[in-house]
Amino acid sequence: MPNMTRLPALPLVVNDPYFSIWCAADLLTDADTSHWAGAVKRLKGVLTIDETPFRFLGLGPEKAMETIALEVTPMSTRCVFRAAGIQLTVRFTSPLLLDDPDVLSTPATFVDVSVKATDTADHTVRFSFTAFNELCFDGDTQPDLLRDGFAVSGMSLAYVGQRRQKLLCHSGDHITIDWGYLYLAGEEGAVEPAREGLCGFFTAALSKGGEQRRTFLLGYDDVASINYFGMPAKAWYARNGKTLPQALGEFYMNRDALLARCDALDQSLTEDALQRGGVDYAEICSAAYRQSVAAHKLIADEQGEMAFFSKENDSNGCIGTVDVSYPSAPLFLKYNPELVRAMCKPILRFAKMPVWPYDFAPHDVGRYPQATGQVYGAGRREAWGGKIRNGDLHPNYYLYPDAADVYELKYQMPVEECGNMLILLCAAAAFDGDFNIAGEDQALLKKWAQYLLQYGEDPGDQLCTDDFAGHLARNVNLSAKAIVGIACYARMLEAQGDAANAGKYHQKAKEMAESWRKRAMADDHTALTFDGQGWSMKYNLAWDRVLKLGLFDQAFYRRELASYLPRVQKYGLPLDSRASYTKSDWILWTASMAEDADSFHALIAPVAKYLRETKSRIPFGDWYDTKTGKYVHFIARSVQGGVFMPLL
């Protein structure tokens with residue numbers, strides 16, 4: 001079968017953490033579609049050719065069409081089928097255009113269809129595409145549903161949703177939306193509600209070479225997207241009152257222009273990736289793009305400004321996690337640095353609230369879709385009514401006073417998050433030239449830089465972003481982040497005209513870097529900890545190269561990168577010497593520091609091999625075993641935006 005992309009799961013409708021539908025198989029006819037977390041959310045496709053039904057999407061009693069081509073690009077998944085003298089092409093495109101927030105934030109996916117006769121006979125075909133009811137509720141029990149349809153502006157719309165709407169009624173992980181309305185749109189007369197869901201269809205008579213094309217749009221109106229510190233916030237596209245039917249109408253009318261823009265991004269990104277790292281790197285980028293973007297939700301705050309929230313998929317469900325934004329940033333820096341600032345804004349806002357009295361940065365701002373105050377490390381009190389389960393709401397921590405003493409310090413990540421925030425804000429400014437920082441935020445950044453000066457050079461026993469590995473004292477890579485963070489703070493001060501203080505912080509970062517280099521070296525590599533034990537990827541130093549901070553010379557990087565190559569396993573370089581598992585995002589950060597193509601490819605090729613061979617049927621998992629290729633944890637996360645670091 002030519003032109004076949006093999007991924008552990010195929011992205012189909014990939015718009016946001018809830019509206020994310022995949023086929024966890026090699027072919028679209030090998031499995032029912034599901035939410036990224038595994039709950040069955042069926043899309044079913046049947047093409048009836050001369051009264052014989054053939055299945056092209058999902059499972060069922062019909063005979064499966066033969067798949068003759070399957071291609072996954074950054075923006076689209078295209079599949080070509082054939083049966084009984086007919087060729088069918090179906091393309092799913094989620095227009096996640098990062099430079100156009102209105103389009104990006106509209107939860108809609110194009111389903112483009114072409115049916116063509118390939119033999120000499122005449123044929124009658126009927127195309128049917130069904131989106132099932134379970135897309136608009138959580139769990140196995142179907143509630144009472146409301147369904148209807150109407151025509152507007154030359155387009156038919158059908159929708160289905162629960163009769164009793166409970167907006168923003170839960171929070172958690174491995175959980176799907178339980179409110180809002182599923183929509184299907186198409187040309188007039190081609191869409192209708194049915195008992196099992198929403199159906200799009202058309203009938204055509206075809207002779208040799210004859211072809212019929214149709215476009216459908218699948219969308220989801222969540223009505224309220226995020227509880228943003230007490231405000232039920234709408235998606236960005238709806239900030240001025242635009243409805244989803246209006247947005248679907250605009251998409252439908254502007255289809256050709258939108259798809260042309262998607263095709264242009266596909267081409268430019270693929271060309272960039274091929275030039276940087278060949279076919280392996282291009283396939284990694286194609287697997288990561290839609291997933292990385294769709295693990296976010298973009299909303300408007302009370303002032304009409306963007307806030308961009310990640311969700312920790314298959315982790316703990318946290319929203320707006322700093323050490324998830326950090327690895328994801330390269331993708332957004334490449335295409336729209338303002339989105340990186342939009343990731344940071346909720347953290348800056350929460351850090352100034354009374355409940356957060358600490359001199360280091362927070363970890364998150366809640367549990368998706370409730371941005372109501374950090375939940376990571378929140379203590380357990382009987383007054384809360386017992387254990388908070390998946391699906392339950394946490395207390396509104398943002399309302400608590402500083403005396404509430406909500407958080408357990410042993411579960412915090414002080415050096416990690418201070419470094420992350422300083423680096424993210426500096427990188428966003430460096431990529432678009434906007435170094436303007438509000439006065440009250442400047443006070444926070446200074447406090448966090450001072451924290452790194454005091455505690456970052458040789459960190460105590462604390463967590464870092466790789467918290468699954470547990471606490472670690474004297475973490476060399478964490479210290480590297482602190483040094484980079486201080487250098488980034490100096491860069492921001494310099495850009496704001498404070499040359500004197502910028503010079504002081506930059507000099508301190510240089511001194512810390514020299515001390516770090518001497519204390520971290522162990523034979524031909526840097527150690528895991530400052531007592532000389534083990535080894536680890538020093539991925540945090542990628543920013544030294546990207547932002548040209550001048551902390552370490554090329555000889556250091558050449559020696560360090562050379563030490564990694566003998567440690568590469570079948571499916572990648574392990575995270576460190578403690579275990580055989582790895583993080584794919586950190587591998588790509590590490591590879592970005594290689595100065596020669598051979599070393600770069602030696603590091604990234606096993607990641608591409610993992611995508612092609614893993615038996616773990618999930619979207620691009622970032623934490624997996626380098627020897628077996630088996631998923632350890634984490635599914636469909638935004639951190640895969642980190643694989644774009646080599647393009648910076």
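Rings of Phe, Tyr and Trp (the six-membered ring for Trp) are paired when their centres lie within 6.5 Å; planes under 30 degrees apart count as stacked, over 60 as edge-to-face and the rest as tilted. The model is predicted, so local features need pLDDT of at least 70 and side-chain atom pairs count only at pLDDT 80 or more, while totals for chains, interfaces and linings use all residues. Residues are numbered from 1 along each chain as its sequence is written, and side-chain values use heavy atoms, without hydrogens and water.

**View 1. Aromatic pair of Tyr326 and Trp586.** The whole structure holds 45 aromatic pairs. In the pair of Tyr326 and Trp586, which is tilted, the centres are 6.1 Å apart and the planes make 55°. Tyr326 lies in helix α4 (residues 322-335) and Trp586 in helix α12 (residues 584-591), so distant parts of the chain, 260 residues apart, are linked. Helices (H or I, at least four residues) and strands (E, at least two) are DSSP runs, numbered from the N terminus.

**View 2. Packing of α12 on helix α13 (residues 597-613).** The axes are 9 Å apart, at an angle of about 165°. Axes are lines fitted to C-alpha atoms, for helices over the stretch in contact, and angles run from 0 to 180 degrees between N-to-C directions. The two helices are therefore roughly antiparallel (angles under 35 degrees count as roughly parallel, over 145 as roughly antiparallel, 65 to 115 as roughly perpendicular and the rest as oblique). Contact, meaning heavy atoms within 4.5 Å, is made by Ser584, Ile587, Leu588 and Ala591 of α12 and Phe600, Leu603, Ile604 and Val607 of α13. By class these residues are 7 nonpolar, 1 polar and no charged (Ala, Val, Leu, Ile, Met, Phe, Trp, Tyr, Cys and Pro count as nonpolar, Asp, Glu, Lys and Arg as charged, and the others, Gly among them, as polar).

**View 3. Crossing of helix α6 (residues 414-432) and helix α7 (residues 439-455).** The axes come within 9 Å and cross at roughly 130°, which makes α6 oblique to α7. Residues in the contact include Cys418, Leu422 and Leu425 of α6 and Trp448, Leu452 and Tyr455 of α7. The contact has 12 nonpolar, 1 polar and no charged residues.

**View 4. Open sheet of 3 strands, in the order β1-β2-β3.** Pairing is antiparallel; strands pair if DSSP finds at least two bridges between them. β1 (10-14) and β3 (34-35) are at the edges with a single partner strand each, so one side of each has no neighbour in the sheet. Strand β2 (residues 20-23) is joined to β3 by 2 bridges, and Ile21 stands opposite His35 in β3.
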